[in-house]
Amino acid sequence: MIHENPLQPTHLASPPTDAAAAAAQVAAHLVMVRGGAPFLSGADARLLTEWIDEELPVAGILACIDAVVERRRKRPATSRLTLSACKAEVKKLRQRLGAASTGARPPAPPPGGGWAALAAAVAESPAPDGPKNALVATILDHERSGTAPDAALALAAVRAFELAVWEASDQDALRAAATAELGAVLAVVRPRQRAELVEQGARDLLRRRWPALSAAKICDLLGALP
């Protein structure tokens, strides 16, 4: 099984440099988004291994996960989020990368993008000052050190920020709000599924407060994907 402690700070970590580190970052993002135990099912682990072996970019896979989360906001599902549920989005990612691969140079940050623009987006987000200021400082440290804009590195920092905010939040109130929002969906699932959906919904209610920090938006800001 592929696993990573989702509560372990990763905001100062280097971007993944090998398959195991890349897989761990994807697994950690999925766990952060949905809650639950910090490991993947056998089916998801095999699927992730396939994606990593294919050298799909970590940031792109995380953007696919967030795209599925956003779709589920509009039409809630009756099952917990899995990597298998993201296969259609990953197929689109694969097609985009394939279309842009012939002799293409690595993508560059768009005009007005880069570390400074990301720091500004974080600063404008409605989040507690402590975690937010720590994230801004980490991003600006990358800029000052001359680190090239890297979406995977940025998203590792954002994950640490989101986990810190989650830990400091009134989780019971978020779960109550998620229960009310899911409504009829919870009436047709088993108790274990109900608990998983409420936990996932509670985390999503929190993450909705800073849409500019979604994986897709960060990839756009840093020019990570074609």
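**Reading cavities, helices and pockets**

User: Which residues line the largest cavity?

Analyst: Met32, Glu162, Trp166, Arg203, Leu206 and Arg207 line the largest cavity. The elements that give two or more residues to that lining are helix H7 (151–168) and helix H10 (191–207). Please keep in mind that this is a predicted model.

User: What volume does the largest cavity have, and how many cavities of 30 Å³ or more does a search find?

Analyst: Its volume is about 50 Å³. Searching the whole structure turns up one cavity of 30 Å³ or more.

User: Let me step back to the overall fold. How many helices and strands does the protein have?

Analyst: The protein has 11 helices and zero strands. Read from the N terminus on, the elements run α-α-α-α-α-α-α-α-α-α-α. Contacts are another thing to look at: among those between residues at least 6 apart in sequence, 76% join residues at least 24 apart.

User: And how do I read burial? Is Asp204 buried or exposed?

Analyst: The idea is to compare the relative accessible area with a cut-off: a residue under 20% counts as buried. Asp204 has a relative accessible area of 8%, so Asp204 is buried. Ala22, which lies in helix H1 (residues 19–34), has 9% and is therefore buried as well. Over the whole protein, buried residues make up 44% of the 226 residues.

User: What does the side chain of Asp204 make a polar contact with?

Analyst: Its partner is the side chain of Arg73, at 2.8 Å. Asp204 itself lies in helix H10. Leaving aside residues up to four places away in sequence, Asp204 touches Val69 and Arg73.

User: How do I read a whole helix, such as H3?

Analyst: Start with the general geometry. An α-helix has 3.6 residues a turn, so residues three or four places apart point the same way. Next, check the length: helix H3 (residues 58–74) has 17 residues and reaches 25 Å from its first C-alpha to its last, close to the 24 Å expected at 1.5 Å a residue.

User: Why is H3 described as largely enclosed by the rest of the structure?

Analyst: Because 12 of its 17 residues are buried. Among them are Val58, Ala59, Gly60, Ile61 and Leu62, and the buried residues also include Asp66 and Arg72. The cover over the buried residues of H3 includes H1, helix H2 (42–53), helix H4 (87–100), H7, H10 and helix H11 (215–222).

User: Last topic: what lines the second largest pocket?

Analyst: That pocket is lined by 25 residues, and Ala63, Asp66, Ala67, Ser214 and Ala216 lie nearest its centre. The elements giving two or more residues to the lining are H3, H4 and H11, and H3 gives the most, with eight residues. The second largest pocket has a volume of about 470 Å³. Its lining has 12 nonpolar, two polar and 11 charged residues.

Notes:
Residues numbered from 1 in each chain as written. Predicted model: local features only at pLDDT ≥ 70, side-chain atom pairs only at ≥ 80, totals over all residues. Heavy atoms only, no water. 1 Å grid on protein atoms, 1.4 Å probe; cavity = no way out; pocket = protein on both sides within 12 Å on 5 of 7 lines; lining within 4 Å. Points joined across faces, edges and corners; volume = space filled by probe spheres on them. Helix = DSSP H or I, 4+ residues; strand = E, 2+ residues; numbered from the N terminus. Buried < 20%, exposed > 50% of the residue type's maximum accessible area, 1.4 Å probe, protein only. Polar contact = N/O pair within 3.5 Å; in protein donor to acceptor, adjacent residues only side chain to side chain. Contact = heavy atoms within 4.5 Å. Expected span 1.5 Å × (residues − 1). Nonpolar A, V, L, I, M, F, W, Y, C, P; charged D, E, K, R; others polar.
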